[in-house]
Amino acid sequence: MASMKCKRESSPSPSSSSTCQWKYDVFLNFRGEDTRNSFTDHLFFALQQKGIFTFMDEEKLERGESIASELFKAIEESQFAIIILSKNYASSSWCLDELAKIMKCREEMGLIVLPIFYNVDPTDVRKQIGTFKQAFIDH
């Protein structure tokens, strides 16, 4: 697929003649229990209203190999990834698996990653303290 093979330029411009055709503008990575029915839903609908085609997993998805491959494919086919880091984000191995894929695509394909700190101090994430410390100990 073309979107998986093209390399993003470090400073994309609307006028550039890139051959990349992304399926999604944005992939949302978030802890559903923390933000799905609040911040993430509002962000998703705001992006959609602005014409930004956004991938957000469905609440009813069950964990499984086919679901994982579909999510990973959606990450690969996205131009941007927004990571919504919330209090219980790191306690989800699912979120961390997606994050690992996002960071791999950032390194290999130039995926642009934007973090949002939702009701969590960025220092807690950076230094892995507070709820992030406990979550990493548990993993």
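## First stop: a buried charged pair

Select Arg36 and Asp57: Arg36 is buried, and so is Asp57 (buried means under 20% relative accessible area, exposed over 50% and partly exposed in between, with a 1.4 Å probe and protein chains only). Before going on, note that this is a predicted model, where local features need pLDDT of at least 70 and side-chain atom pairs count only at pLDDT 80 or more, while totals for chains, interfaces and linings use all residues. Residues are numbered from 1 along each chain as its sequence is written, and side-chain values use heavy atoms, with hydrogens and water left out.

Now show the side chains of Arg36 and Asp57, which meet in a salt bridge at 3.2 Å, N to O (a salt bridge needs a side-chain nitrogen of Lys or Arg within 4 Å of a carboxyl oxygen of Asp or Glu). Arg36 sits in helix H2 and Asp57 in the loop between E2 and helix H3 (65–76), so the contact ties together parts that are 21 residues apart in sequence. Helices (H or I, at least four residues) and strands (E, at least two) are DSSP runs, numbered from the N terminus.

## The other salt bridges

How many salt bridges does the structure hold? There are three salt bridges. Side chains of opposite charge can pair when their charged atoms come close.

Select Lys101 and Glu76 next: their closest N and O atoms are 2.6 Å apart. This pair links distant parts of the chain, with Lys101 in helix H4 (residues 93–109) and Glu76 in helix H3, 25 residues apart. Lys101 counts as buried at 15% relative accessibility, and Glu76 counts as buried at 13%.

Then jump to Arg31 and Glu33, a salt bridge whose closest N and O atoms are 3.2 Å apart. Is Glu33 buried or exposed? Glu33 counts as exposed at 69% relative accessibility, whereas Arg31 counts as buried at 17%.

## The sheet

Switch to cartoon and colour the strands. What is the order of the strands in the open sheet? The four strands run E2-E1-E3-E4, with parallel pairing (two strands pair if DSSP finds at least two bridges between them). E2 and E4 are the edge strands, each pairing on one side only.

Start with E1. Six of its seven residues are buried, so E1 is largely enclosed by the rest of the structure. E1 pairs with strand E3 (residues 78–85) in the parallel sense over six bridges; pick Leu28 and you'll find its bridge partner in E3 is Ile82. Towards E2, two bridges join the parallel strands E1 and E2, and there the bridge partner of Phe27 is Phe55.

Move on to E3 and strand E4 (residues 112–117), which run parallel and are joined by six bridges. Here Ile84 stands opposite Ile116 in E4.

Contact here means heavy atoms within 4.5 Å; axes are lines fitted to C-alpha atoms, for helices over the stretch in contact, and angles run from 0 to 180 degrees between N-to-C directions.

Trace E1, helix H2 (residues 32–49) and E2 in turn: together they make a right-handed β-α-β unit. Right-handed means that, with the strands pointing away from the viewer, the path from the first strand over the helix to the second runs clockwise. E3, H4 and E4 also make a right-handed β-α-β unit. H4 lies across E1, E3 and E4, running at about 140° to E1.

## Last stop: the rings

Finish by selecting the aromatics; a search of the whole structure finds five aromatic pairs. The rings of Tyr24 and Phe55 have centres 5.2 Å apart and planes at 70°, so this pair is edge-to-face. For Phe, Tyr and Trp (its six-membered ring), rings pair if their centres lie within 6.5 Å; planes under 30 degrees apart count as stacked, over 60 as edge-to-face and the rest as tilted.

Tyr24 lies in strand E1 (residues 24–30) and Phe55 in strand E2 (residues 54–55), so the pair ties together parts that are 31 residues apart in sequence. Both Tyr24 and Phe55 are buried.
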